[in-house]
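I set down each item as I looked it up.

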Amino acid sequence: MNKEIVVQVNCYNHYALDLADTVKRLTDAAHTHDRVIIDTITEAYDIKLIPWKGLTKLLDVLKDLCDSNKWPYTKFHLKSWNPVQNFDTWPSMDRRWCHSWFTRVANKSLANKGDKIIEKHFGIFIGHSNWSRLWLSAYLQNKYASKTDQTFNNAMDDPGRMANMDLDAMLFEFSKSQNSSHIDLVSIQSFMNKIPLTKSNVPVGGDTIVADDIMDRYNHIFCEVVCETEFSGECFAMDEKVARSLYTETPFLLMGPINYLRRLRSLGFKTFNEFWSETYDHCSDAVRCIMLSNVIDKLAVLSLSEINELYAKMRPILKHNKERYLELCAMPSDSLEKMVRDTINTV
């Protein structure tokens, strides 16, 4: 029997892509190797949430495999890229944080070099959909299109991307939290009829992570609605999405997991609770979307003159955040990763 093998589990918003094939690969590997390393490929999702055929979880499948074959649970080793993945998740596990997504923005030379010329209240820059991005993007487009600069690169004639719009998940999540009244399907349909929304020099469906014109857009927006890829359960993904706001001195509202802002503050950053309510950080999923929309509504009624006055008051915080971001990026990568993991796990 071979010693060990790595099997990658590729997830999209906690749902493993082709999970049946994944389970088959894990089973075959376990029969031919002493140890199977399950690698979640740098995404920071909560492994406990990965489902298998309804309410059953992937971890339950692993336990059943071990029990039926009289294998120790340590036959499988989880390599989690979620830096706050609880160690009680599985008997054999290590956790990492992929720092390169976060630090790569510091290499851009196109962040604002002086005062912004604010033309829009909001920015929301989406490469591919998930259900929270779909809801928030549709909300901003249908209520505040003239005040929002946005991209949404899913295209109606791209079957792969349309299959992952996450519309069914959106309906499920709002219904689960008894908030289905907040879904306006007419507005969602109207939004979907307008996509793709892009002025980017990156092709539709392409990589907009740090595209030059995406970075330039921060010179003309007041506040970014940042939408993390992973936001359910106990997870933390500090990556290029929030880094773009930090580096360009842009205030932000953040769609992420519970305590994201709290953990960000533990790393030395400042957030904006003196200017608007950040109680949304105590909430997750559909409730967090709704609370973010409440803050958006309050900012939207301000004139551009008032927005500029507010931005001027926020400049000390924004300058601090950029300086702190660059301090972290200057650290050796191993030291940075360890510091972040150690710090956020004390929160």
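**Aromatic pairs and buried positions**

I began with Phe191, which counts as buried because its relative accessibility is 0%; buried means under 20% relative accessible area, exposed over 50% and partly exposed in between, with a 1.4 Å probe and protein chains only. The model is predicted, so I note that local features need pLDDT of at least 70, that side-chain atom pairs count only at pLDDT 80 or more, and that totals for chains, interfaces and linings use all residues. Residues are numbered from 1 along each chain as its sequence is written, and side-chain values use heavy atoms, with hydrogens and water left out.

I then looked up the ring pairs and found 18 aromatic pairs in the structure. For Phe, Tyr and Trp (its six-membered ring), I took rings as paired if their centres lie within 6.5 Å, with planes under 30 degrees apart as stacked, over 60 as edge-to-face and the rest as tilted.

Phe152 and Phe191 form an edge-to-face pair, 5.0 Å centre to centre with 85° between the planes. This pair links distant parts of the chain, 39 residues apart: Phe152 is in strand β8 (residues 148-152) and Phe191 in helix α7 (residues 185-194). Helices (H or I, at least four residues) and strands (E, at least two) are DSSP runs, numbered from the N terminus. Phe152 is also buried, at 0% relative accessibility.

I next recorded Phe252 and Phe272, an edge-to-face pair at 5.1 Å centre to centre and 85° between the planes. Phe252 lies in strand β10 (residues 252-255) and Phe272 in the loop between α10 (260-266) and α11, so the pair ties together parts 20 residues apart in sequence. Both Phe252 and Phe272 are buried.

I noted one aromatic cluster formed by Phe122, Trp131, Trp135, Tyr139, Tyr144, Phe174 and Phe231. Which residues does Ile296 contact, leaving aside its neighbours within four places in sequence? I found Phe122, Tyr139, Leu140, Tyr144, Val225 and Leu253, where contact means heavy atoms within 4.5 Å. Ile296 belongs to helix α11 (residues 285-300) and is buried at 0% relative accessibility.

**Charged residues**

I placed Glu240 in helix α9 (residues 240-247); Glu240 is buried, with a relative accessible area of 5%. Lys75 lies over the face of Trp71, 4.9 Å from the ring centre; the criterion I used is NZ of Lys or CZ of Arg within 6 Å of the ring centre and within 35 degrees of the ring normal.
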